Amino acid sequence: MNDIIQYFSTIPSSHRALILAGGIAFFWLIETAVPFIKFGYNKWQHAGINIFFTITTMIVNFCLALILISTANWTNENRFGILYWLPVRNLWLHTILGLLLMDLIGAYLVHLIEHKVRFLWRFHLIHHTDTYIDTTSANRHHPGESVLRFIFTTLGVLVIGTPMWMVFLYQTLSVVATQFNHANIVLPKQLDTFLSYFIVSPDMHKVHHHYVLPYTDSNYGNIFAVWDRLFGTFKTLDRDQLIYGVDTHMKPEENNRLGNLLSIPFQKYRSPKS
């Protein structure tokens, strides 16, 4: 554990970028060789759009990073947050609990709110418009949504008292997890079902990308599956029934053109069908 703490306390930006790019490359190769769905699409054009949004997310996080670091330093200096208030001082326990709670606040909670608050849904909608879910879809987030997710990550650090090394560990796990559960791959059904009791598996998350309610409003988790099961937002759907996208934006000119995707939050609201 000390080696993990040491590494993530000083992890270079180049390593974080390499993990991001390496994850995309790894799952890209697998889904190209043995795809779950054989999409009739231009994979490079599709990737170009999603990588654009990946880069904007990186820029947002870089520009706001000082806020996150300052918050983590403040909680440490003032011994503030859930981890500091626990009566038990066990490093493994703190790490597991810290990661679980960061996933709750920084991923599950903000994701749930984005679906329930119409103004925020306008920004998150860009993620759901993708009709070709693959590993590049993982970071298809409008810059406005990237700011919101950063705010909730910072809130998580403040409430939990997460040290900066744990934040970097969480973000690394989060990146790999979302690339994995968005990838256009299929696991043996029994294995996928088993994994879905612990982490968000590909089948579990793909239900979230089904094009109509109530499936769109389910399976909000990113790393850990416990929150959806605990809060009653877990749903299943047979693989052969999956249709990706969102029913309000199924036309290619709406979901596969960068200019339109950037402007969707400012267009007339369209109510989804249940």
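Modeller: Happy to. Let's begin with the largest cavity, which is lined by W121, R122, L125, H249, I264, Q267, K268, Y269 and R270. Please keep in mind that this is a predicted model, where local features need pLDDT of at least 70 and side-chain atom pairs count only at pLDDT 80 or more, while totals for chains, interfaces and linings use all residues. Residues are numbered from 1 along each chain as its sequence is written, and side-chain values use heavy atoms, with hydrogens and water left out.

Colleague: What makes a space a cavity, and what makes it a pocket?

Modeller: Both come from a 1 Å grid over the protein atoms alone. A cavity is a set of points where a 1.4 Å probe fits but cannot get out, whereas a pocket is an open set with protein on both sides within 12 Å along at least five of seven lines. Lining residues have an atom within 4 Å of a point. The whole structure holds one cavity of 30 Å³ or more, and the largest cavity has a volume of about 60 Å³. That volume is the space filled by probe spheres set on the points, with grid points joined across faces, edges and corners.

Colleague: What is the volume of the largest pocket, and which residues are closest to its centre?

Modeller: The largest pocket has a volume of about 1,100 Å³. Of its 39 lining residues, R16, T57, N61, Q171 and V175 are the closest to the centre. Helix 8 (164-182) gives the largest share of that lining, nine residues. Helices here are DSSP runs of H or I with at least four residues, numbered from the N terminus.

Colleague: How do the residues of that lining divide by class?

Modeller: There are 17 nonpolar, 20 polar and two charged residues. Ala, Val, Leu, Ile, Met, Phe, Trp, Tyr, Cys and Pro count as nonpolar, Asp, Glu, Lys and Arg as charged, and the others, Gly among them, as polar.

Colleague: Why is helix 3 called roughly parallel to helix 7?

Modeller: The axes of helix 3 (residues 43-78) and helix 7 (residues 143-160) come within 9 Å and cross at roughly 20°. Angles under 35 degrees count as roughly parallel, over 145 as roughly antiparallel, 65 to 115 as roughly perpendicular and the rest as oblique, so helix 3 is roughly parallel to helix 7. The contact of helix 3 with helix 7 has 13 nonpolar, eight polar and no charged residues.

Colleague: Why does V34 count as exposed?

Modeller: Exposed means over 50% relative accessible area, buried under 20%, and partly exposed in between, with a 1.4 Å probe and protein chains only. V34 has 54% relative accessibility, so V34 counts as exposed. V34 sits in the loop between helix 2 and helix 3.

Colleague: What is phi in R79 and in N219?

Modeller: Phi of R79 is near 50°, a positive value in a residue other than glycine. N219 has a positive phi of about 50° although it is not a glycine. Most residues other than glycine have a negative phi, and most peptide bonds are trans.

Colleague: What makes the peptide bond from L213 to P214 cis?

Modeller: Its omega is near 0°. P214 lies in the loop between helix 10 (202-208) and helix 11 (226-231), and N219 is found in the loop between helix 10 and helix 11 too.

Terms used:
Axes are lines fitted to C-alpha atoms, for helices over the stretch in contact, and angles run from 0 to 180 degrees between N-to-C directions. Helices (H or I, at least four residues) and strands (E, at least two) are DSSP runs, numbered from the N terminus.
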